[in-house]
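Subject: A structure for you to look at

Hello,

Here is the structure I promised to hand over.

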Amino acid sequence: VVIIYKYFGSFFMIFQTKEAKCIIKVLSMLAHKKSKYNEMFRETKVSHTTLQRALKELESKKLIKRDDIGHMKVDYLITDKGKKLLNKLNETKILVE
């Protein structure tokens, strides 16, 4: 179990290690560019269930957002809140392996 705590406000998440790795990978990917589900699925190398759960959690915490770009096409983007969390994780050298 991995616990991620947000220093700048009330934010608290508890994940299984597999989900935490996926969340950090997704945030890192989206920090560089917007991405589609299939791209994230290939890069994270987790099950669809794990990725869907991670995306749902990130979206509910407003760390990422979905941008509907057309017929059944969605881009995922990191929010400012997501960038702040990723920076904090990087600053404190929290690595999940």
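Predicted model: local features only at pLDDT ≥ 70, side-chain atom pairs only at ≥ 80, totals over all residues.

Start with the strands. Three of them form an open sheet, in the order E3-E5-E4, with antiparallel pairing. E3 and strand E4 (64-70) stand at the edges. Each has a single partner strand, so one side of each has no neighbour in the sheet.

Now look at how E3 meets E5. These strands pair in the antiparallel sense, over two bridges. Ser35 stands opposite Tyr76 in E5.

Then find helix H1. H1 lies across E3, E4 and E5. It runs at about 95° to E5.

**The salt bridges**

How many salt bridges does the structure hold? There are four. Why can such pairs form at all? Side chains of opposite charge can pair when their charged atoms come close. I describe some of the pairs here.

Take Glu43 and Lys25 to begin with. Their side chains meet in a salt bridge, at 4.0 Å from N to O. Glu43 belongs to helix H2 (residues 37-44) and Lys25 to helix H1 (residues 17-32), so this pair ties together parts that are 18 residues apart in sequence. Are these residues buried, exposed or partly exposed? Glu43 is partly exposed, at 45% relative accessible area. Lys25 is partly exposed too, at 34%.

Next, go to Asp75. The side chain of Asp75 meets that of Lys34 in a salt bridge of 3.5 Å, N to O. Lys34 sits in the loop between H1 and strand E3 (35-36), while Asp75 is in strand E5 (residues 73-78), so parts that are 41 residues apart in sequence are tied together.

Asp75 also forms a salt bridge with Lys36, at 2.7 Å from N to O. Here Asp75 is in strand E5 and Lys36 is in strand E3, so the pair ties together parts 39 residues apart in sequence.

The cut-off for buried is under 20%. Lys34 counts as partly exposed, at 48%. Lys36 is partly exposed as well, at 32%.

Asp67 is in strand E4. What does Asp67 touch, leaving aside its neighbours within four places in sequence? It is in contact with Lys73, Val74, Asp75 and Leu77. Now compare Asp67 with Leu77. They are ten residues apart along the chain, and their C-alpha atoms are separated by 7.4 Å. Asp67 is partly exposed, with a relative accessible area of 35%.

Thr50 is the other one. You will find Thr50 in helix H3 (residues 48-60). Is Thr50 buried or exposed? It counts as buried, at 1% relative accessibility. Not counting residues up to four places away in sequence, Thr50 touches Lys18, Glu19 and Cys22.

Best wishes

How values were computed: Residues numbered from 1 in each chain as written. Heavy atoms only, no water. Helix = DSSP H or I, 4+ residues; strand = E, 2+ residues; numbered from the N terminus. Buried < 20%, exposed > 50% of the residue type's maximum accessible area, 1.4 Å probe, protein only. Pairing = 2+ DSSP bridges. Contact = heavy atoms within 4.5 Å. Axes fitted to C-alpha atoms, helices over the stretch in contact; angles between N-to-C directions.
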